[in-house]
Amino acid sequence: MKRRSFLKSLGLGSAALAADAPLRATPASSPSPMKITRVRFYHNPGTRPMINQSFHIVTVETDQGITGIGEGGSRDTIEQCAAMIIGEDPFRTERLWQMMFRGYFYPPGHEKLHSLGAIDLALWDIKGKALGVPVYELLGGLSRDHVECYSTGYPRQGSLKETARACVEAGFRAFRHGVANLPGDEAFNSHQMVRKSYEECVEIREGVGKDGDWAIDYHTRLDFPDAVRLSTLIEPLEPYFCEDLIRSENPGVYRQLRQQVKVPIAVGEQYGARWDINELVENRLIDYSRISVPNCGGITEFMKIAAMCETHYVGLIPHFTGPLSEAALVHACGVFSGPVLMEMLGDGTAKAPHLPECYDFRNGKLWPNRRPGLGVTLDPKPLQLVAEITERSRPLPMLHRPDGSITNW
Ligand code: CS2
Ligand code: MG
C-alpha cells in the first residue's frame, strides 16, 4: 500500500500527506477503556476428570458487549481469579495477570494457575476482537505459514509399522509412541518394557521410513538407569524427541541425565509458570519445552517462556490440553522464530460440539486464520453454567509502587 493511501487509511489529513511532512500519525481517539462486567464458568461434560487438565469453558464479558472465551480451570479457583478482575480493563493483560497471580499473596499452585490461564486466554480473545485482528497480530505477527504437528494416539491401521507410516503419509511431521506397558494394571517390569519399547521403535522407524520422524514419550514411567538404557538403545533410530524421561518433581536431576544420553529431550507438560522450567532451559538441559496453555498461566506467561526458550535455542512442543487451548497455541507458536511442533490427538478430526469454530487443521498441520481474537466460536448449549462472578473481591491488601505497578504485600 503506497504511503499516501496508507496514511489516508489512518484518517490523516492532507497536511500529513505532504511528502516531507513528519510521519506523526494522529490516530483516531482511542476508545475509552472497557470494563470487565461478568465472568461465567461452564462445566464441559466432555472434559477429563483431572482438575489441572480440564476443558471447562470460561467467558469474560465487558461493558462494551465484547466477550472473550477461555478454557480450563475449576470452579473455586476460577471464582477467586475472576473476582480479582471485575471492573478492570481487560486490555491490561499483564497487570491482570499479576493481580490474579499475586493477589492471594502465596503464588498459585498448578490447579489455580490453570484457572488463571483460562481467564488469560479469554482476555487475549477480547483484545483481538476489540481491535478486529487475530491474536497473533498482537504478539508480533506470524513468523511461519503453518504449524507442523505430530500425532498422539494416531488411529491404529494394522501393525505399529503400518500405523506409523499412515500417520506421516497423512501429513503429520511425526508419529508419537509411548514406552511399552502391559494392558491394565499388570506389574510393570521396566527391564522387559525397555527391551519391548526398543523393538517397537525399530518397527516405527521402518514405518516412517528414513525421511520420516517419530517421537517417544517415556511418560515419567522409567527410573533413571532405565531411561538411560532406553535412550542409548534408540539413539541410532534418530527420534525427533524423547519426552519426560524421568519424573518431573526434581528438574535438577536432568543435569546428570543430560550427561548420559544423546537423544533430544522434551519436558514440560507437567509444569506451570516459567519458574518450573527456567533451570532446564537456561542450562540447556532440554531441547524442547512441552509447556502449554492454560497450564502455565495462559498466553501472557507462555510468551515469556517462549522468549526464554528462544534465548537458549530451545524449541516449543506444547502439550495438547484442550481444543480451545490448541487454537490459542497456534497464535502463540505461530509467531515464535524457533522450532515448533504441536501435538494433535488422533488424526485431528475430532470436533468439540461446543466449539463449532476452533482451530484450522488439515493435512497434518495447523493453519493460522484471520478470524479476530482466538478465532473460536462458542455454543454454550452442550455446557452447564455453574458459576457467575459479577462482584469484585480482594481479601488481601495489594500494594503498589509509586508509579501504580503492583508489588507484593
Ligand atoms: C501425554 C499426555 O500427550 C502426552 O504427552 O503425556 O496425553 C498424558 O498422558 C495425559 O495428559 C494424562 O492425562
Ligand atoms: Mg507426555
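Which side chain does glutamate 88 meet in a salt bridge?

Guide: That would be arginine 394, with N to O at 2.6 Å. A quick word on the ground rules: this is a predicted model, so local features need pLDDT of at least 70, side-chain atom pairs count only at pLDDT 80 or more, and totals for chains, interfaces and linings use all residues. Residues are numbered from 1 along each chain as its sequence is written, and side-chain values use heavy atoms, with hydrogens and water left out.

A salt bridge here is a side-chain nitrogen of Lys or Arg within 4 Å of a carboxyl oxygen of Asp or Glu, and that rule gives 28 of them. Back to the pair you asked about: glutamate 88 and arginine 394 link distant parts of the chain, 306 residues apart. Glutamate 88 sits in the loop between helix H2 (75-85) and helix H3 (93-102), while arginine 394 is in the loop between strand E14 (384-389) and strand E15 (399-400). Helices (H or I, at least four residues) and strands (E, at least two) are DSSP runs, numbered from the N terminus. Glutamate 88 counts as buried at 14% relative accessibility, whereas arginine 394, at 28%, is partly exposed. For those labels, buried is under 20% relative accessible area, exposed is over 50%, and partly exposed lies in between (1.4 Å probe, protein chains only).

Arginine 258 belongs to helix H9 (residues 254-260), and aspartate 287 lies 29 residues away in the loop between helix H10 (274-282) and strand E9 (288-289). Aspartate 287 is buried too, at 17%.

Definitions and conventions. Chains lettered and ligands numbered in written order.
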